[in-house]
Amino acid sequence: MTDPLSIAFARLPGIDALRNRAAAIDVAAARVPVNSHIHLPPNFSAFDSVAQATDLAAAQAVGVLGVSNYYDYSVYGPFTEQVAAQRIFPMYGLEIIVMIDDLRDSGIKVNDPGNPGKTYVCGKGITKFVDMSDRASALLQQIRDADRGRMAVMIEKLGAVCSDRGFDTGLNEQGVVDMIVNRHGSLRETVYIQERHIAQAFQEAVFDQADSGERPAIVAAILGQDAKDANDHVGIQGEIRSHLMKAGKPAFAEETFITLPEATELILELGGIPSYPTLADGISPICAFEDPPDKLLEHLRNYDFHAVEYIPIRNSAPVLTEYVTAMRTAGLIVTAGTEHNTLDLIGIEPTCVGGTPIPEAVKAIFWEGACVVAAHQYLGYIGEPGFVDSNGVPNPSYATADERIDAFARLGAAVIEAYRNP
């Protein structure tokens, strides 16, 4: 594909003009609604298409939109074209799942509430995802191969469970891929099956073959217990995952992970900033790795993270404020998104749990973080040093973390403003 960054940044003036603009900009006054993390199809997503996501963002006046897909980045081309037409600034990222062995062995939960040691990691502001390095390609292929093998085993196991319990879905791996392609119009070679895809495919098979009156008995037989609502398609997908696909359940298959150093290496090879997605009170009790904020900060320093991200719809406003303020005070950049990785079509601009507004001071920090990522992304594109270098070391041109963040936020705000108002 054509490098999306060449499309995104073609409308910008040169770096000297942007730096002049940055020197005079009021970052707070330039703020627009921002969402730094959504998933687009063929990832499991609330959106049927890229156009649906970007149209909703435009309709809701979101000015910066970040995509953070697993496994394949081909969709970033169409995404860039769509947001360019709507003057929404694009941010490019990725998400990886790793295992930290010593935390697993100690029983410490990180940001996955069900599995000690299992850790989600994000990369923000990636720039080298088209003509990626040999090392990046090898690491990405390692992830893809392990995950593809696991998904095939789970599909086979889940099909056997259904058949043994009296309902033959007829599904196989290609059938699940067909469902994804048919729903989104994606190219088959860009599709990497996720657990949620499998649950959706099996739920749809049941609903296609059994009318509403038959479903309670069929679903109960498959799950091994009555469903909360046998005609709720999203609910049934969740129950299939909970009762049949999780660890210790009959369709579970062991996961094979890369390590955190390998994930960090991949993000840096792709030109990004490694970022830690914080769950906080998205689960009760808060995972031991993250509780309290000072302890989380200690862990993040040990693992060389200089950025964190939140999905505020999981969090109460007071807890979000506590964590975000602590992270920013410690010199980390902070971003926020919605993921949109379920079928629930919530609003594009993030809110706290239950739709409670995010406090304005926290919104300002999220905007600042997005501006830093925008500057890093632009500088990486033109071949200049970004917020961190290829080893993950923060740019040494600044005496303090606050000076670095302020400088990058100013440049990023200028980049975003120039993109949106060429």
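**The aromatic residues and their surroundings**

Guide: Tyr 70 and Tyr 71 are each buried, a word that stands for a relative accessible area under 20%, with exposed meaning over 50% and partly exposed the range in between (1.4 Å probe, protein chains only). The model shown is a predicted one, in which local features require pLDDT of at least 70 and side-chain atom pairs count only at pLDDT 80 or more, while totals for chains, interfaces and linings use all residues. Residues are numbered from 1 along each chain as its sequence is written, and side-chain values rest on heavy atoms, with hydrogens and water left out.

Tyr 71 belongs to the loop between β2 and α4 (76–86); helices (H or I, at least four residues) and strands (E, at least two) are DSSP runs numbered from the N terminus. Its relative accessibility is 9%, and Tyr 71 therefore counts as buried. The backbone of Tyr 71 has a phi near 75°, a positive value in a residue other than glycine. Most residues other than glycine have a negative phi, and most peptide bonds are trans. Ala 61 also has a positive phi, of about 65°, although it is not a glycine. Ala 61 is found in the loop between α3 and β2 (64–69), and its relative accessibility of 48% makes it partly exposed.

The aromatic pairs come next. There are 17 of them in the structure; rings of Phe, Tyr and Trp (its six-membered ring) pair if their centres lie within 6.5 Å, and planes under 30 degrees apart count as stacked, over 60 as edge-to-face and the rest as tilted. Phe 9 counts as buried because its relative accessibility is 5%, whereas Tyr 381, at 34%, counts as partly exposed. Tyr 70 and Tyr 71 form a pair as well: their ring centres are 5.3 Å apart with planes at 35°, so that pair too is tilted.

Phe 9 and Tyr 381 also belong to a cluster, in which ring pairs link them with Phe 89, Tyr 378 and Tyr 419. Over the face of Tyr 419 lies Arg 11, at 4.5 Å from the ring centre; a charge sits over a ring if NZ of Lys or CZ of Arg is within 6 Å of the ring centre and within 35 degrees of the ring normal. In another such arrangement, the charged end of Arg 215 sits over the ring of Phe 207, 4.1 Å from its centre.

Setting aside residues up to four places away in sequence, Gln 377 touches Phe 9 and Phe 89, and among its other contacts are Leu 5, Pro 90, Met 91 and Tyr 92; contact means heavy atoms within 4.5 Å.

Helix packing may be followed from here. Helix α2 (residues 15–24) and helix α15 (residues 401–420) have axes that come within 8 Å and cross at roughly 115°; axes are lines fitted to C-alpha atoms, for helices over the stretch in contact, with angles from 0 to 180 degrees between N-to-C directions. The two helices are therefore roughly perpendicular to each other, for angles under 35 degrees count as roughly parallel, over 145 as roughly antiparallel, 65 to 115 as roughly perpendicular and the rest as oblique. Among the residues that meet at this crossing are Ile 15 and Leu 18 in α2, and Leu 411 and Val 415 in α15.

To close, two peptide bonds deserve mention. The bond from Pro 41 to Pro 42 is cis, with omega near 20°, and Pro 42 lies in the loop between β1 (34–38) and α3 (50–59). The bond from Asp 291 to Pro 292 is cis, with omega near 0°, and Pro 292 has its place in the loop between β5 (273–278) and α12 (293–302).
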